[in-house]
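Trainee: I'm new to this one. Could we look at it together and talk through a few features?

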Amino acid sequence: MAGTAVRGRLTWQVSAVTALIDETASVKTIELQAPDWAGHLAGQHLDVRLTAEDGYRAERSYSIASAPGEPVALTVERLEDGEVSPYLTEELRPGDDLEIRGPVGGYFVWDGDDSVTPLMLIAGGSGVVPLRSILRHRSNLRSTVPVRLLYSARSLADVIYRDELDQEGAGVEVIYTLTRQQPQGWTGHRGRVDKSMLSEVAWPPDQQAIAYVCGPTPFVETVASSLVGLGYPAQRVKTERFGGIGGS
Amino acid sequence: MDDLDGNAMGGLMQEIFGVEMTTAIETCAHCGNAAVVAETAVYLRGPGAVMRCPTCTNILMVVVRRQDMHCVDMQGIASLSPAGQTA
Amino acid sequence: MSPISRGFHGRRREPAEQSSRVPPGQYVTQDFPVLSAGPTPRTALDNWSFSIRQSGNTSKSWTWSELQDLPVEDVTADIHCVTRWSKLDTRWRAVSVDTLLAQVEHNARYVLAFCDGGYTTNLPLADVTAGQAWVAFDYDGEPLAPEHGGPARLLVPHLYFWKSAKWVRGLELLDKDEPGFWETYGYNMYGDPWREQRYAGD
């Protein structure tokens, strides 16, 4: 699978929406049929461009939710003051055209070539999207790389891909922390990810894991600096920030 | 509004440079710090895109798009080496 | 040619009775988008001052409390951002730039506003006088939030909003027009929203 990312000139292409899947009350997965798609790596993004009848355009970047080799899919959270995300989550229908270009990025990727190094995946909210691509890729490759996913969500109802994550097989530990609301009898973690939670949950530094951290900017800053404080070398902590609440 | 990071400028940079640039290493002309482009601080919600040094916040790069033309300023970057490596 | 995105209209919500107040290419928004080219500076009011400079020297400066002691005006204005949103009837409390310039002797024809964080923007003197420009510190009845330029920002509502510099700390008085931050990168030196002067040459 390695080396399937085609580099070079980025051109806009028209894809067709094949399905829309409700993930949570405010999150949808959009499956696309993209005839000109040259393939992607786990963790990459694509750009979406919307064009209004009067020519007005809006462009945004989203993480790809599907694994390499699978049809392109996005998972989008509706942001209340947004312009593009309300359109994608509320207006878009199967059969609609969606203009995309990509894949984009080569930093926050996992190619699956390394079958030894443990993965420490850490997501805040919809930051789980590129990590889901990594998990699916691992599963499709039948890789035995040990993985821990620490996923911070407001409540259990806000957990994206919950059914899929609960079915992850051997070698994948999924650990939730719920920051705002916990169901009765919840024995898992609560509150925001901090250094003490990471010292309990993250692979110890001597395992030489590689960490992928994705979420809102303050979340990523806290997690990345805590991991470095725990002894992770900075170059083994890959980060992707998507701003604050209310990006677009 | 919190900043984004260089990952968010991946598409724009690929459009300008013709190759994937988020794994490139930039060296700040102000403080000399070297960082992966993906780890720079990026502000996209203004009239143009602004990339800043994650260490000293010096402006590394500004891109203003006007129709299909880009105005690119990279005075804040002392060197940019696309020989970055992926995981 | 891009396909039209069925059902996509951007943010625009433009009641007909407001259309005469909205410049071409703009849409009305109810919220207040935060646009920035850098991290939000946070200057303590004790360390804050507003200065008028000429030829690199400070001609006059006011501390935060001195500025508050000047005559304050309530201003209601429509604002227009070059990224195409307009916001109607925004309410500010502010000191007029006329009040500040009245305390300085000068023959300037242009000003360059300077700010915490290094941002600058240029304006003709004629556009920051005669009751057209203010240093604003309250928005909608509250102290101006840092992400919107607090403690104080310039308010020049008849020009595109990038001219209303956030985190403003003073004005440099100039004989000749000099481009500020966005103007250096191809944005219009003047920026009249009614003539859609977004970029150089518009």
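This is a predicted model: local features need pLDDT of at least 70, side-chain atom pairs count only at pLDDT 80 or more; totals for chains, interfaces and linings use all residues.

Trainee: Which residues have the most contacts inside the largest nonpolar core?
Mentor: The largest nonpolar core has 140 residues. Domain 1 (13-104) and domain 2 (119-241) of chain A both contribute residues to this core, so it lies between them. Those with the most contacts inside the core are A:Leu121, A:Ala211, A:Tyr212, C:Ala113, C:Val135 and C:Ala136.

Trainee: Which strands stand at the edges of the open sheet in chain B?
Mentor: This open sheet of 5 strands runs in the order β1-β4-β5-β6-β7 (chain B), with antiparallel pairing. Each edge strand has a single partner, so one side of it is left without a neighbour in the sheet. The edge strands of chain B are β1 (4-5) and β7 (69-73).

Trainee: Is A:Tyr161 buried or exposed?
Mentor: A:Tyr161 sits in the loop between β8 (147-153) and α3 (162-166) of chain A, and its phi is near 60 degrees, a positive value in a residue other than glycine. The cut-off for being buried is 20 or more other C-beta atoms within 10 Å. A:Tyr161 has 23 of them within 10 Å, so this residue is buried.

Conventions
Residues are numbered from 1 along each chain as its sequence is written. Chains are lettered from A and ligands numbered from 1 in the order in which they are written. A nonpolar core is a set of buried Ala, Val, Leu, Ile, Met, Phe, Trp, Tyr and Cys residues joined through C-beta atoms within 7 Å. A residue is buried if 20 or more other C-beta atoms lie within 10 Å of its own, exposed if 12 or fewer, and partly exposed in between; C-beta atoms are placed from the backbone. Domain bounds come from an automatic or database domain assignment. Two strands pair if DSSP finds at least two bridges between them. Helices (H or I, at least four residues) and strands (E, at least two) are DSSP runs, numbered from the N terminus.
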